[in-house]
Amino acid sequence: MSPIVLWVGGLMLAAAAVLIVARIERGPSMLDRTISLDMLVSIVIAVLALCSGATGRTDLVNVLVVLALIGFVGSVTLARFVAVEPEDEGRILTPEEVRAHDARMRAALAKESKRRVGGREDAMRRAYPEHEDPR
């Protein structure tokens, strides 16, 4: 591998690592930090791949695969624990609560459809006053 490619690739990866460490420090949210840590693992993988290509060592491929798996599992695990769920999301509803919820939904749908139909008829009467509905 050309030394110019190694130097340019190394400098780019170093600059990316510095920017990502700054993002990890600044945050502002836990999600930003999680994504930044995942990107930092990706940069470590890229550095090892660059070293493996430069030296011709094939034994680093196993290390790359393990790091990729650790990065993936770590990101998924952090995302799972950081995710915010509503308090009553996982609760099983009682039959009375299901009936009340269904009744509220039916009432809201009926009100919405009545509003839409009424609005359409008023618009038709305004647009075509000569065609009155015989009802």
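1. The secondary structure of the protein chain comes to four helices and zero strands, where helices (H or I, at least four residues) and strands (E, at least two) are DSSP runs numbered from the N terminus. The pattern along the sequence reads α-α-α-α. The model is predicted, with pLDDT of at least 70 needed for local features and 80 or more for side-chain atom pairs, while totals for chains, interfaces and linings use all residues. Residues are numbered from 1 along each chain as its sequence is written, and side-chain values use heavy atoms, with hydrogens and water left out.

2. Among contacts between residues at least 6 apart in sequence, 42% join residues at least 24 apart; contact means heavy atoms within 4.5 Å.

3. Helix H1 has 24 residues, and its first and last C-alpha atoms are 35 Å apart, close to the 34 Å expected at 1.5 Å a residue. The expected span of a helix is 1.5 Å times one less than its number of residues. The buried residues in H1 are Gly9, Leu13, Ala17 and Ile20, and H2 is included in what covers the buried residues of H1. Just after H1, Gly27 has a positive phi of about 80 degrees.

4. The packing of H1 on H2 comes next. Two packed helices are described by the angle between their axes and the distance between the axes. For H1 (residues 3-26) and H2 (residues 30-55), the axes come within 9 Å and cross at roughly 160 degrees. Axes are lines fitted to C-alpha atoms, for helices over the stretch in contact, and angles run from 0 to 180 degrees between N-to-C directions. H1 and H2 are therefore roughly antiparallel to each other; angles over 145 degrees count as roughly antiparallel, under 35 as roughly parallel, 65 to 115 as roughly perpendicular and the rest as oblique.

5. H1 passes H2 in a left-handed crossing, that is, the near helix is turned anticlockwise from the far one by less than a right angle, clockwise being right-handed. The residues of H1 in the contact include Leu6, Gly9, Leu13, Ala17 and Ile20, and those of H2 include Ser36, Leu40, Ile43, Val47 and Leu50. The residues of this contact of H1 with H2 divide into 15 nonpolar, three polar and five charged. Ala, Val, Leu, Ile, Met, Phe, Trp, Tyr, Cys and Pro count as nonpolar, Asp, Glu, Lys and Arg as charged, and the others, Gly among them, as polar.

6. For H2, the 26 residues should span 38 Å at 1.5 Å a residue, and the end C-alpha atoms are 38 Å apart, which agrees. Thr34, Ser36, Ile43, Leu50 and Ser52 are the buried residues of H2, and what covers them includes H1 and helix H3 (60-82). Just after H2, Gly56 takes a positive phi of about 80 degrees.

7. Thr34, in helix H2, is buried, with a relative accessible area of 11%. Residues up to four places away in sequence aside, Thr34 touches Ser75 and Leu78.

8. The axes of H2 and H3 come within 10 Å and cross at roughly 175 degrees. H2 and H3 are therefore roughly antiparallel to each other. The contact includes Met30, Thr34, Val41, Ile45 and Ser52 of H2, together with Leu60, Leu64, Gly71, Ser75 and Leu78 of H3. The residues of the contact of H2 with H3 divide into 13 nonpolar, four polar and one charged.

9. The 23 residues of H3 should span 33 Å at 1.5 Å a residue, and the end C-alpha atoms of H3 are 32 Å apart, which agrees. Leu60, Leu64, Gly71 and Ser75 are buried in H3, and the buried residues of H3 pack against H2.

10. Two further residues of H3 deserve mention. Gly74, found in helix H3, counts as partly exposed at 29% relative accessibility; the C-alpha atoms of Gly74 and Leu37, 37 residues apart along the chain, are separated by 9.3 Å. Ala79, which also lies in helix H3, is partly exposed at 45% relative accessibility.

Technical notes:
Buried < 20%, exposed > 50% of the residue type's maximum accessible area, 1.4 Å probe, protein only.
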